[in-house]
Structure formats: C-alpha cells, structure tokens
Amino acid sequence: MSIESALRDWLQTTLMFRGLSLEQLGSVAQIAQLQRFQKGEIVFMQDSEATGFFIIKMGRVKIFKTAPNGKEQILRIFEPGENFAEVPALDGRRFPASASALEPTELILFPRRSFLDVLHQYPDIAINMLISLSQHLRHLTDLVEDLSFKDVPQRLASYLLKLSDSYSGIQRDRANSGNNIVTLDLTKSQLAATLGTIPATLSRAFYRLTSEGLIAVHGAQIELLDRDRLQSLSDMLELSDREST
C-alpha cells in the first residue's frame, strides 16, 4: 500500500473527512503534509499567518492564549483524529491563539489555498467542516460559562466528570469502580491553565473536594467517591463563597 493510500484510508476515519468518496479522499490526501513536533514545541503562535488547518495523527496539542502578565489560558486540548485551526484557514486571517505539542506529535497540515481549491471542487466536504466548527463553538460556549459562572472547585468537579465520561468502555472495565477512577494526563500547571486558574488555587480546590468526601487522590489517579454530589456542585451557578481565580 502506498503512503498516499494509507493516508487516504486513515483520513476517512476522521470526523472531517468521514463519508467522503475515494475520489474526494484522494484529492485531500494529495495536498496533505505530514509534520512532526517534539514535546513542548510550538505549532503556531497567536497572530502569526494562518497557513492552513491541522488534523492530529498522533499525540496531543493544546490551544492556548497568553495574557500580557504571562498567565496562560488553555482553550482546548485536541486528541488524535481531531482537527483544529479551520477558522483562520477559511477566512484567511491570522491565528487567534497559539498551539503547542503536549507530547511527541504528528500532524497533517492542509495548506489553506490548496484546501480551498479542493473545497470548491467538492463542496460536500463543507458539511463536515460545519459540523466540526459547531462542535468547537459548543466547547467554547461551555468554557465561557464555566469561567464566568463557576468557581474553581466547580470547574474541577466538571472537568473530572467529563474526563470520566470520556473514558472508553475498555477503560471503564479496567477501573475498580466502573468509570469512577480517572487518570490525570496533564501537569498541575496545565490543568490549572485549562480551568482558568493558578496551581495554588487548584490545590485548594482539590483539598476542598477531598475534605468533603467527593474525591480521593492517589497520585495521578483520582477516585470519584460521590458522583451525585460532584454533579450537584458542578451544576450550581451561584455560590456565596466563590473562590477567586
């Protein structure tokens, strides 16, 4: 099997190109460019020229913004098979945020001008792109809600529940309590940046959830002791003792 054929077969498993014909997949594969990044390496910087959009073949990528004081807010972490940076690839404007590899990563770059040519040739691809953009918008809406209306312990409760729900059936079977044991795959600083806070405040949030009997911390593994109370905490939108971020 040729490299292009192997890439075509892999692309049809991704959300962006699922359901396309072999002819369409072939045209997409012809313009694809494989790029490799080491852990911590920058993929692109905020306000740099948008060269195209990416699909992760291996590894993970964080999308983030950095404040003038150096504080980082992680907007999203993308996993294998997921795509990112489609908006600047479409509108031709600069990247609105930065991206870097969280681990050794392989990306498939689709150059902007070449992809637009394919899009004009096969407008059906735009439907998949709209679905992808809708998912990104929903995620950003949830992020704005969390940062605006929830304190750090609430955000942590939400994160742990979402992480638990994202586990595959195999992972759940391996956990001692169904899907009630999750493994954190981010550093403390990365998790704090994901939740819009700082490491010290995140530590206090972990302490609160632990002291109230909602979770138990075993190194990188977190046991969810009371999912119902975690869910209730996550759903509360107003607290009298909100903790500063």
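Start by selecting Asp-226 and Arg-229: they form a salt bridge whose closest N and O atoms are 3.9 Å apart. The term stands for a side-chain nitrogen of Lys or Arg within 4 Å of a carboxyl oxygen of Asp or Glu. Asp-226 is partly exposed, with a relative accessible area of 23%, and Arg-229 is partly exposed too, at 38%. In this scheme, buried means under 20% relative accessible area, exposed means over 50%, and partly exposed lies in between (1.4 Å probe, protein chains only).

Before you move on, a word on the model: it is predicted, so local features need pLDDT of at least 70 and side-chain atom pairs count only at pLDDT 80 or more, while totals for chains, interfaces and linings use all residues. Residues are numbered from 1 along each chain as its sequence is written, and side-chain values use heavy atoms, with hydrogens and water left out.

Next, pick Lys-162 and Asp-146. Their closest N and O atoms are 3.9 Å apart, and the two form a salt bridge. Lys-162 sits in helix H6 (residues 152-165) and Asp-146 in helix H5 (residues 125-149), so the pair ties together parts that are 16 residues apart in sequence. Helices here are DSSP runs of H or I with at least four residues, strands are runs of E with at least two, and both are numbered from the N terminus. Is Asp-146 buried or exposed? Asp-146 is buried, with a relative accessible area of 13%, whereas Lys-162 is partly exposed at 47%.

Now go to Glu-82 and Arg-76, a salt bridge with 3.7 Å between the closest N and O atoms. Arg-76 counts as buried at 19% relative accessibility, and Glu-82 is partly exposed at 26%.

Then select Arg-60, Glu-103 and Asp-185 together to see a network of salt bridges.

For the last stop, show the open sheet of three strands, in the order S9-S11-S10 with antiparallel pairing. Its edge strands, S9 (181-183) and S10 (215-218), each pair on one side only. Two strands pair if DSSP finds at least two bridges between them. S10 and S11 (residues 221-224) pair in the antiparallel sense over four bridges; zoom in on Ala-216, which stands opposite Glu-223 in S11.
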